[in-house]
Amino acid sequence: MKSNLANIKKAKNLLNIGECIAIPTETVYGLAGNAYSKSACRKIFKLKKRPKNNPLIVHYFNKKDLMKDCKFNKSFLKLYKKFCPGPITFILDLKKSSNICDVVTNKKKTLAVRFPKHPITRNLLKNLNFPLAAPSANLSSKVSAVCSAHVKEDFGKKIKFVLDGGKSKIGLESTIIDIRKKPKILRLGGLNISIIQKVLSKKIIIDNKPSKISSPGQFKLHYSPGIPLRRNAKIAKDNEAFILIKKKKITKSNYYFLSKKGNLQEAAKNLYNILRIIKKNKYKSIAVCRIPNKGLGKTINDRLIRASKF
Ligand code: TXA
Ligand code: MG
């Protein structure tokens with residue numbers, strides 16, 4: 001589409017002069033800046049009110065671009081071939097010669113990298129001379145943004161430009177895997193672990209509750225809708241918002257349905273939008289029905305558990 005090309009050009013020009021903009025991805029929107037520029041990356045932290053010790057994910061167009069900055073192994077290549085571009089983030093070792101600025105990594109020797117699938121963002125990445133550091137485009141510890149309106153809700157005029165790519169297809173953040181030694185999942189996400197396991201044909205450790213913070217996306221207050229949330233609810237009080245996995249014949253004004261028939265992919269896609277709507281509708285608390293703990297349901301439950309620690 002022509003308007004998309006004009007917007008991509010505008011995004012490129014702003015990024016080239018060190019600005020931060022929001023970009024669409026298939027998981028959630030990202031708040032992006034030049035990963036080689038300290039000042040651009042400092043702006044990201046400031047806008048998000050993000051603690052400096054929480055490193056950023058860097059988005060690349062392809063493996064060839066990544067090679068300039070990171071080392072990788074056979075396990076990475078297997079997963080890259082199968083799932084990239086897609087909703088998986090790898091923790092890799094940085095090369096000594098890497099150009100990634102230390103604001104991104106908080107001086108760590110590792111880097112979280114991802115190859116987003118959204119065609120608009122792929123087009124943008126292809127036309128840039130640098131990769132994009134981009135955490136989720138929401139205020140720190142709050143629910144991620146899955147459409148351009150959510151980004152504007154959180155940042156208003158503080159953000160120079162939102163590259164609109166419609167609703168994010170998956171609606172939950174990427175799965176993070178530390179692939180350097182024994183594969184270790186640091187954050188459940190949009191890609192099922194069982195599929196990753198099949199491709200690697202080795203056991204994967206799930207370490208998403210580390211005592212020390214290797215991935216602060218696991219801070220308990222992450223993904224918070226800003227009001228108390230309880231899980232596995234069978235009923236809700238009238239003044240409480242009630243999130244249900246599938247549509248009921250008889251509904252009430254406080255009922256919110258994640259999907260028509262209980263489809264977990266559809267539920268994942270709608271979750272963050274519904275949490276934002278409930279907050280806007282001034283409910284003081286949320287009850288959520290039991291979500292089946294399989295497939296993307298595991299990621300939904302992970303986010304709900306964190307959201308319930310309000
Ligand atoms: O789907 C996604 O991953 C989205 C889109 C925009 O790509 N991004 C995203 O970024 O969710 P963010 O910053 O909200 O979450 C990234 C997580 C954080 O919890 C951060 O602590 C962790 O990745 N992380 C970043 N660098 C790391 C590293 N070197 N080692 C371990 N964890 C790291
Ligand atoms: Mg985030």
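**Ground rules.** I'm working from a predicted model, where local features need pLDDT of at least 70 and side-chain atom pairs count only at pLDDT 80 or more, while totals for chains, interfaces and linings use all residues. Residues are numbered from 1 along each chain as its sequence is written, chains are lettered from A and ligands numbered from 1 in the order written, and side-chain values use heavy atoms, leaving out hydrogens and water.

**Pair count.** I took rings of Phe, Tyr and Trp (its six-membered ring) as paired if their centres lie within 6.5 Å, with planes under 30 degrees apart called stacked, over 60 edge-to-face and the rest tilted. That rule gave me nine aromatic pairs.

**Phe76 and Phe90.** I looked up this pair and found the ring centres 4.7 Å apart with the planes at 70 degrees, so it is edge-to-face. Phe76 sits in helix α4 (residues 74-83) and Phe90 in strand β4 (residues 88-93), so the pair ties together parts 14 residues apart in sequence. Helices (H or I, at least four residues) and strands (E, at least two) are DSSP runs, numbered from the N terminus. For burial I used under 20% relative accessible area as buried, over 50% as exposed and in between as partly exposed (1.4 Å probe, protein chains only). Phe76 is buried at 0%, and Phe90 is buried at 0%.

**Phe242 and Tyr255.** Here the centres are 5.5 Å apart and the planes at 80 degrees, so I logged this pair as edge-to-face. It links strand β11 (residues 241-246), holding Phe242, to strand β12 (residues 255-259), holding Tyr255, 13 residues apart. Phe242 is buried at 3%; Tyr255 counts as buried at 19%.

**Cluster.** I also noted that Tyr60, Phe72, Phe76, Tyr80, Phe90 and Phe115 form one aromatic cluster.
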